[in-house]
Amino acid sequence: MIKKLVKLLKALNGNVNPGEIAHAIACGAILGLMPKDNLFWYLVFVFILFVRINKPAYLLTILLGAAVSPAFDGFFDTVGWAFLNIQSLSSVFSYLLDIPLVAFTHFNNTVVMGSFLCGLVLYVPFYFAGRGIVYLWRKYAASYLKNSKLMKVINKMPIVAKIASLAGGN
């Protein structure tokens with residue numbers, strides 16, 4: 001886990017395309033909002049691993065999204081129920097439920113469908129927020145933190161030297 005955080009900090013400070021980090025934040029938000037107990041989540045998770053994004057930012061955003069998503073389950077339930085009860089799509093949903101493997105995706109669960117739809121809608125705002133975070137980090141926060149007294153004290157700790165050696169080995 002420490003190596004992942006070090007890689008994320010390297011990406012934030014390095015010459016990594018800000019779009020890769022922003023896409024990772026947006027993709028991680030989609031999965032972070034969704035319940036984890038269905039095949040659909042795992043399929044999306046694996047699919048996104050094949051996309052060129054910053055993996056540490058992706059995993060960190062999934063964890064952050066999972067921490068806040070239970071607070072929005074009522075809203076996700078309402079959105080999912082509204083979508084799954086669209087009359088023109090009912091025959092499609094019935095057909096999908098007859099396919100054996102598709103039922104394991106739990107797409108017919110209102111919270112799963114609502115959180116996925118909300119994640120898709122929030123993809124663009126999360127993407128631009130991620131680009132803004134990277135820009136602000138690189139422009140202001142990185143140089144400020146590097147020169148702060150707190151960082152000078154932290155850099156003198158032995159465990160930080162160990163982490164820095166781990167980061168240098170990659």
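1. A helix crossing counts as left-handed if the near helix is turned anticlockwise from the far one by less than a right angle, and as right-handed if clockwise. By that rule, H3 passes H4 in a right-handed crossing. The contact (heavy atoms within 4.5 Å) is made by Trp41, Val44, Phe45, Ile48 and Leu49 of H3 and Lys55, Tyr58, Leu59 and Ile62 of H4. By class, this contact has eight nonpolar, no polar and one charged residues. Here Ala, Val, Leu, Ile, Met, Phe, Trp, Tyr, Cys and Pro count as nonpolar, Asp, Glu, Lys and Arg as charged, and the others, Gly among them, as polar.

2. Some ground rules. This is a predicted model, in which local features need pLDDT of at least 70 and side-chain atom pairs count only at pLDDT 80 or more, while totals for chains, interfaces and linings use all residues. Residues are numbered from 1 along each chain as its sequence is written, and side-chain values use heavy atoms, with hydrogens and water left out.

3. The protein chain has 10 helices and zero strands. Helices (H or I, at least four residues) and strands (E, at least two) are DSSP runs, numbered from the N terminus. Of the 170 residues, 32% count as buried. Buried means under 20% relative accessible area, exposed over 50%, and partly exposed in between (1.4 Å probe, protein chains only). Among contacts between residues at least 6 apart in sequence, 77% join residues at least 24 apart.

4. What is the angle between H3 and H4? Helix H3 (residues 39-49) and helix H4 (residues 55-68) pack at about 160 degrees, with their axes 11 Å apart. That makes H3 roughly antiparallel to H4. The cut-offs are under 35 degrees for roughly parallel, over 145 for roughly antiparallel, 65 to 115 for roughly perpendicular, and oblique for the rest. Axes are lines fitted to C-alpha atoms, for helices over the stretch in contact, and angles run from 0 to 180 degrees between N-to-C directions.

5. Now the aromatics. Rings of Phe, Tyr and Trp (its six-membered ring) pair if their centres lie within 6.5 Å; planes under 30 degrees apart count as stacked, over 60 as edge-to-face and the rest as tilted. The count comes to nine aromatic pairs. Tryptophan 41 and phenylalanine 45 are stacked, at 5.2 Å centre to centre and 10 degrees between the planes. Both lie in helix H3, four residues apart, about one turn of the helix. Tryptophan 41 is buried at 8% relative accessible area. Trp41, Tyr42, Phe45 and Tyr58 form one aromatic cluster.

6. Phenylalanine 72 and phenylalanine 76 have ring centres 6.3 Å apart and planes at 45 degrees, so this pair is tilted. Phenylalanine 72 is partly exposed, at 41%. Phenylalanine 76 is buried, at 3%.

7. Is glutamate 20 buried or exposed? With a relative accessible area of 18%, glutamate 20 is buried. Glutamate 20 lies in helix H2 (residues 18-33). Leaving aside neighbours within four places in sequence, glutamate 20 is in contact with Arg52, Ile53 and Asn54.

8. Check the loop between helix H6 (90-98) and helix H7 (110-121), where alanine 103 lies. Alanine 103 is partly exposed at 32% relative accessibility. Its C-alpha atom is 9.5 Å from that of asparagine 38, 65 residues apart along the chain. Histidine 106 is also in the loop between H6 and H7. Histidine 106 has a positive phi of about 55 degrees, although it is not a glycine. Most residues other than glycine have a negative phi. Histidine 106 is partly exposed, at 34%.
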